[in-house]
Amino acid sequence: MLRSRTFAFGFVVCPFLDTEHECTDDLVELGRIGEPYGLKGWVNVLPSSEEPDVLLKSKQWWVSRLPASEGAAVRRTAQPKFEDLVFEPFRVLQSKPHSSRIVAHLEGIEQPELAAQFKGRRVYVSRARFPAPAEGEYYWVDLVGCQVSNLEGKVLGAVTQVVDHGAHPILSVKGEAEQDMLIPFVAAYIVNVDTQAKQIQADWQEDY
């Protein structure tokens, strides 16, 4: 049975480089930091995924921030553009699930006062560090950009996003029509998925 494993917002090209830590160009946003957790500087992360496996298994997180000279802009900008961000790597010393969130101890953050300064920042993991999905399971970020064709070979469009519908994910496919097609990501309609070739075959018609 086809089912999605993890949702992420997409790839981020990182503009930040230094001599010690080169920022990879395949970062995927997986969560947002909230209030500190406990008295030892742990951070509290709200995952932007169905299953927080990647955050729990990864030993390195990249945390976004605006450049120091633009610190005041953080408070004025609800959603900064990716190109305006820099990314700092942190080694994950410990992490564990806590209710619907993940709490983690990042190297160098030992006091709750310091952890509080990270509230609102986004957490990223390199796509290369994702665990391999089980057969028949796919990371949603890998489905975005795939070309969708039907059984007759007609190209329906490309996947622009994956929407969590509760019972099952839905592919939002942009074609020639003004409105996107919404194709349930279930075995009844999805015949084949090749994320390497960025191709999806679906039992679907343009006028559905």
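Colleague: How many helices and strands does the protein have?
Modeller: This is a predicted model, in which local features need pLDDT of at least 70, side-chain atom pairs count only at pLDDT 80 or more, and totals for chains, interfaces and linings use all residues. Residues are numbered from 1 along each chain as its sequence is written, and side-chain values use heavy atoms, with hydrogens and water left out. Helices (H or I, at least four residues) and strands (E, at least two) are DSSP runs, numbered from the N terminus. The protein has four helices and 15 strands.

Colleague: In which strand is confidence lowest?
Modeller: Confidence is given as pLDDT, the predictor's value for each residue from 0 to 100. Its mean over the protein is 83, and 78% of the residues reach 70 or more. Strand S15 (residues 199-202) has the highest confidence, at 98, whereas the lowest, a mean of 37, belongs to strand S1 (residues 3-6).

Colleague: How many contacts does the stretch of residues 1-20 have beyond near neighbours in sequence?
Modeller: Where pLDDT is low, predicted coordinates should not be read in detail. Over residues 1-20 the pLDDT is below 50. Counting contacts (heavy atoms within 4.5 Å) beyond near neighbours in sequence, the model gives this stretch 75.

Colleague: Is Asp142 buried or exposed?
Modeller: Asp142 lies in helix H4 (residues 140-143). Its side chain is joined to that of Arg127 by a polar contact of 2.5 Å; such a contact is a pair of N or O atoms within 3.5 Å, and within protein one must be able to donate a hydrogen and the other to accept it, while residues adjacent in sequence count only if both atoms are side-chain atoms. Buried means under 20% relative accessible area, exposed over 50%, and partly exposed in between (1.4 Å probe, protein chains only). Because its relative accessibility is 14%, Asp142 counts as buried.

Colleague: Which residues does Gln111 touch, not counting residues up to four places away in sequence?
Modeller: Gln111 lies in the loop between S7 and helix H3 (112-116) and is partly exposed, at 42%. Beyond those places in sequence, Gln111 touches Lys40 and Gly41.
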